[in-house]
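Please look over the protein chain shown below before reading on.

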Amino acid sequence: MGEEHQLHYNEPWIMQRADPYVYRHIDGTYYFTASVPAYDSIVLRSSDTLEGLQTAEEKEIWHKHECGIMSKHVWAPELHYLDGKWYIYFAASDVNDVWSLRPYVLECADADPVAGKWTELGKMQKAVDDEFSFENFSLDGTVFESRGRRYYVWAEKVGVGSQISNLYISELETPNKLKTVQVLLTTPDYDWERRVLWVNEAPGVIRHNDRLFLTYSASNTGVHYCIGMLSVNEDADLLDPRSWEKERYPVLSSDADRGIYGPGHNSFTKDEDGNDIMVYHARTESVITGEPLYNPNRHTMLMKIRWSKDGRPVFGYDV
């Protein structure tokens, strides 16, 4: 029986796990990580099947520092396998400066990232001529490869007052250092990206027919949270912002009839049958108790991605 017959879509799959990231390794093993409600550690679980991640044992592979950098707000870890080693990209702040979010990197040279030893590489490094990257509130770094080059995309705030969260892209020189000066990919242009907060964050990349689709999340983390999208032909210059096409409207947002609120911060994987799957978090209640950021009820959900005749992803709750 195919895995698609066992999975349940668009309902809580792993409870109270926000910013979910699923990676399927070259040997077929699935790995899962996400932000935990206490924002104090990084966890990993693994399984031979996608469905198996739901009940797999979860292991803490890194814990926050007691003070200084990486001592508060451990957010949105992602697991990547690059050049024969494992890397976890995440953001964290300082207990004495709780909004000083910066991107950090862990490395593991062992075959099994769950049982292996992890080493701190410190803060993500900017390119030599880059004055700006990672100097302000920065988070949600992701890595993808295209045409033999490796790229890093992340969110960073600029401006005054409450500031604006934009998405930037750079080519990577090493897994933890940028090769090129940052390029602005998208800023919150539209009303749906400006609900409560002006936010573009949480990039995720999926490839289809030589075209890259980059999803991102917009607005604050409550019921207004939603998913927008950029796309680009892989033959184009990915560091030229004019190469990218931005969707005018969100590709996924809350659906009160289905009881799904604030969908966002997604990643992509494939099930055992080769179907494209989006892994995202959402809430099941419209009224949030307390500050949305600290309410634990963002649950990991799965969505099967369909593809239109013109090769574009279709995001829908009806599959």
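Trp13 is buried, because its relative accessible area is 5% and buried means under 20%, with exposed over 50% and partly exposed in between (1.4 Å probe, protein chains only). The model is predicted: local features need pLDDT of at least 70, side-chain atom pairs count only at pLDDT 80 or more, and totals for chains, interfaces and linings use all residues. Residues are numbered from 1 along each chain as its sequence is written, and side-chain values use heavy atoms, with hydrogens and water left out.

- Trp13 is found in the segment before strand 1; strands (E, at least two residues) and helices (H or I, at least four) are DSSP runs, numbered from the N terminus.
- Trp13 touches Leu7, Phe32, Leu50, Glu51, Leu53, Gln54, Thr300, Met301 and Leu302, with residues up to four places away in sequence not counted; contact means heavy atoms within 4.5 Å.
- Asn10 is not a glycine, yet its phi is positive, at about 55°.
- With a relative accessible area of 10%, Asn10 is buried.

**Confidence**

- The average pLDDT of the protein chain is 96, and 98% of the residues score at least 70; pLDDT is the predictor's confidence in each residue, from 0 to 100.
- Over residues 1–5 pLDDT stays under 50, and the model has 13 contacts beyond four places in sequence for them.
- Where pLDDT is low, the predicted coordinates should not be read in detail.

**The chain as a whole**

- How many helices and strands does the secondary structure of the protein chain come to? The count is 0 helices and 22 strands.
- The protein chain has a radius of gyration of 18 Å, which agrees with the value near 20 Å that a compact globule of 319 residues would have. The radius is taken over C-alpha atoms, and the globule rule is 2.2 Å times the number of residues to the power 0.38.
- The C-alpha trace spans about 50 × 45 × 45 Å along its principal axes.
- Of the 319 residues in the protein chain, 58% are buried.
- Among contacts with a separation of 6 or more, 50% come from residues 24 or more positions apart.
- The protein chain exposes about 13,500 Å², of which carbon and sulfur atoms supply 46%; accessible areas come from the Shrake-Rupley method with a 1.4 Å probe, and for residues only the protein chains shown count as cover.
- The 32 positive and 50 negative charges have mean positions 3 Å apart. Lys and Arg count as positive and Asp and Glu as negative, while His and the chain ends are not counted; the place of a charge is NZ of Lys, CZ of Arg, CG of Asp or CD of Glu.

**Strand 14**

- Ala202 has its place in strand 14, which covers residues 200–208.
- Ala202 is a residue other than glycine with a positive phi, near 55°.
- Is Ala202 buried or exposed? Ala202 is buried, with a relative accessible area of 1%.
- Val205 lies in strand 14 as well, and at 23% relative accessibility Val205 counts as partly exposed.
- Beyond four places in sequence, Val205 touches Phe144, Leu212, Phe213, Leu214 and Phe268.
- Val205 and Arg150 are 55 residues apart in sequence, and their C-alpha atoms are 12 Å apart.

**Strand 9**

- Thr142 is found in strand 9, residues 138–146, and counts as buried at 4% relative accessibility.
- The contacts of Thr142, leaving out residues up to four places away in sequence, are Glu78, His80, Tyr151, Tyr152, Val153 and Pro203.
- Thr142 and Pro77 are 65 residues apart in sequence and 9.3 Å apart in space, C-alpha to C-alpha.

**Strand 18**

- Gly264 is found in strand 18, residues 261–270.
- At 0% relative accessibility, Gly264 counts as buried.
- Which residues is Gly264 in contact with, leaving aside its neighbours within four places in sequence? They are Ser217, Tyr225, Ile227, Tyr280 and His281.
- Gly264 and Arg298 are 34 residues apart along the chain, and 9.7 Å separates their C-alpha atoms.
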